[in-house]
Amino acid sequence: MRDQAEKLRAMARSLKQQIASELGRGLEHTRVIAVTSGKGGVGKTNLALNLALALAQKGLKVTLLDADMGMANIDIIMGLVPEYNLYHVLRGEKSIRDIMLTGPFGLKFIPGGSGIQELANLSEDELARVVAELGRLDGESDVLLIDTGAGIANNVLAFVTAADDIIVVTSPEPTSLTDAYGIIKVAAARRARGTIYLVVNRVGIEAEGTLVAHKLTTVAQRFLGVEVAALGSVLEDEAVERAVRSQEPLLVAYPGSPAARGVRAIADRIIAASFEDKTAARPGGLRSFFRSLTGFLR
Ligand SMILES: Nc1ncnc2c1ncn2[C@@H]1O[C@H](COP(=O)(O)OP(=O)(O)O)[C@@H](O)[C@H]1O
Ligand SMILES: [Mg+2]
């Protein structure tokens, strides 16, 4: 019994050392963006995938991580059938590089796993292992985009707390908005280091998105003292559902659709906000991401 505990502690120590050594390397150039939501089913995964593709199409090197632990499904809407996923990384059978796939526009994709209880209930040490593995992506991308699960589970918060940019996705529905406020509140309480952005998905007209965003940012400002920046909205568009059904990304199957145009506008704004705004002088990149994650895991 004691042997087992000591072994686990040693494992945790070596993981922390691994992460610490990642900190010493030149990781400051990868921008880490977490896409999250309070409620599920609001379009988070579709936004994460298509935003990643839009950024890749603009010439950035982008890695997309499916971190909806245990319920990952980006591979499905990309029409890919990955042989291995994060579960194999967790078990030490594969490295991140082994499981990485290449999608349209050179997008790198790291598949999560679906229907795997172990992934849904990651211990902190297991999460640390996945994170340490991510550290091996040193210098490979300009952007690491993460599709987290919905809600406030520990692994979601770990990614949200550590990211440079946090994109909260909501629909205009009151339930979705309340849950978006909830995740912003928890992120603030956890002292998330990144800028919090808001995307309103499935709006009827653009003005609806503007109105909803205004409401939520005002409430967050007033009651939480948190600045949330509106990134824009994506129209309700049947092309999204058609793309999902045909298992092709929206930006590939229907690049001229209203929803695709909305996603590309959001990509432009995130580039402007996080790459071009020199006044934002925040330390960024995988280095700070790992520092925060280790802090979170401690
Ligand atoms: N802008 C949109 N217009 C129309 N339908 C959408 C839109 N965004 C999402 N959907 C629908 O919602 C479903 C769930 O989206 P998904 O990205 O899987 O949500 P989440 O990851 O938040 O659970 C999609 O399969 C699609 O049918
Ligand atoms: Mg999803």
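Predicted model: local features only at pLDDT ≥ 70, side-chain atom pairs only at ≥ 80, totals over all residues.
An oxygen atom of ligand 1 is 2.8 Å from a polar side-chain atom of threonine 45, and an oxygen atom of ligand 1 is 2.9 Å from a side-chain N or O atom of asparagine 46. Of the 570 Å² of accessible area that ligand 1 has on its own, the protein covers 82% (Shrake-Rupley method, 1.4 Å probe).

Around ligand 1 there are 16 residues, the closest being Gly41, Lys44, Thr45, Asn46 and Asp237; a residue is counted if one of its heavy atoms lies within 4 Å. Helix H2 (44–57), strand S7 (195–203), strand S8 (228–235) and helix H11 (238–245) each contribute at least two residues to this shell. Helices (H or I, at least four residues) and strands (E, at least two) are DSSP runs.

Now to the sheet. Eight strands make up an open, mixed sheet, ordered S3-S4-S2-S5-S1-S6-S7-S8, where pairing requires at least two DSSP bridges between two strands. S3 (101–102) and S8 are the edge strands, each pairing on one side only. S3 and S4 (residues 108–110) run antiparallel and are joined by two bridges, with leucine 101 opposite phenylalanine 109 in S4.

Residues are numbered from 1 along each chain as its sequence is written, with chains lettered from A and ligands numbered from 1 in the order written. Local features need pLDDT of at least 70 and side-chain atom pairs 80 or more, while totals for chains, interfaces and linings use all residues, and side-chain values use heavy atoms, without hydrogens and water.

Terms used. Polar contact = N/O pair within 3.5 Å; in protein donor to acceptor, adjacent residues only side chain to side chain.
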